[in-house]
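This report walks through one protein chain, from a single side chain out to the whole fold. Please look at the sequence and the structure first.

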Amino acid sequence: MGGALGKGDSPKKSWVPETKLEAKMVEAMQRRECHGCSTRSFNTIILKFPKIDESFRKCRAIFEQFDEDSNGAIDQEELKKCFSKLEISFSEEDINELFKACDFNDDLGMKFNEFIVLLCLVYLFKDDPKALHAKSRIGMPNLEATFETLVDTFVFLDKNKDGYVSKNEMVQAINETTSGERSSGRIAMKRFEEMDWDKNGMVNFKEFLFAFTRWVGIDEGEDE
């Protein structure tokens, strides 16, 4: 995901994005973090899981529109074709980067939960005129409240506002919710491990989203 500059466990680590898309994610998140967040505990997010799950499942129709051969996965050509058909002006490079970033299993096809991650990234980039147009064409306005909740949750977790979530930040967030409980550290570490897809000790927004789809009940292998 990103490389660490620094020694040991110093809190003064600087993480360097490895791709242009990751850099764009970090910049967009840091802009959003300047406004603060309304989330006060992780429990408030857990209580919203059923509603978020319901919103995610409304993305199924959008997913099926993109999945032209109905094989349960969107390949790179299907994504390009649908963006073209909807007159969404992302460059081929943008589309390729989005596809590569959201194809977590590197199986050349985005499953439903990976597609939700893509939609939320488009939402995060909403200040970009191309992304604004994409949102309206895909039919995302009705999903904005859900995606804003996810952005707000990440802002809550990212205590030092650097665009990434560390183990210590996750522990701090869980401790704020379960103060005094002995199990809070274990809960925090389990949640962090579920998010840290590339096991490098830091979590970006994309990794957080992928874990979140599983937390609320969207499984990559489900077939409705």
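Phe83 has a relative accessibility of 1%, so Phe83 counts as buried. The classes are buried under 20% relative accessible area, exposed over 50% and partly exposed in between, with a 1.4 Å probe and protein chains only. Phe83 belongs to helix H5, residues 76-85. Helices are DSSP runs of H or I with at least four residues, strands are E runs of at least two, and numbering starts at the N terminus.

Which residues does Phe83 contact, leaving aside its neighbours within four places in sequence? They are Phe66, Ile88, Phe90 and Ile95. A contact means heavy atoms within 4.5 Å. Phe66 is 17 residues from Phe83 along the chain, and their C-alpha atoms are 8.7 Å apart.

## Basis of the model

The model is predicted: local features need pLDDT of at least 70, side-chain atom pairs count only at pLDDT 80 or more, and totals for chains, interfaces and linings use all residues. Residues are numbered from 1 along each chain as its sequence is written, and side-chain values use heavy atoms, with hydrogens and water left out.

## Cysteines

A disulfide is a pair of cysteine sulfur atoms within 2.5 Å. By this rule there are 0 disulfides. Take Cys102: the closest cysteine sulfur, in Cys120, is 9.9 Å from its own sulfur, too far for a bond. Cys102 is buried, at 0% relative accessibility. Cys82 is also buried, at 1%.

## Helices H1 and H9

Helix H1 (residues 20-33) meets helix H9 (residues 144-157): their axes come within 10 Å and cross at roughly 85°. H1 is therefore roughly perpendicular to H9. Axes are lines fitted to C-alpha atoms, for helices over the stretch in contact, with angles from 0 to 180 degrees between N-to-C directions. Angles under 35 degrees count as roughly parallel, over 145 as roughly antiparallel, 65 to 115 as roughly perpendicular and the rest as oblique.

H1 contributes Met29, Arg32 and Glu33 to the contact, and H9 contributes Glu148, Val151, Asp152, Phe154 and Val155. By class, the contact holds 4 nonpolar residues, no polar ones and 4 charged.

## The whole chain

The protein chain has 12 helices and 4 strands. Of its 224 residues, 49% are buried. Among contacts with a separation of 6 or more, 62% join residues 24 or more positions apart.

Methods. Nonpolar A, V, L, I, M, F, W, Y, C, P; charged D, E, K, R; others polar.
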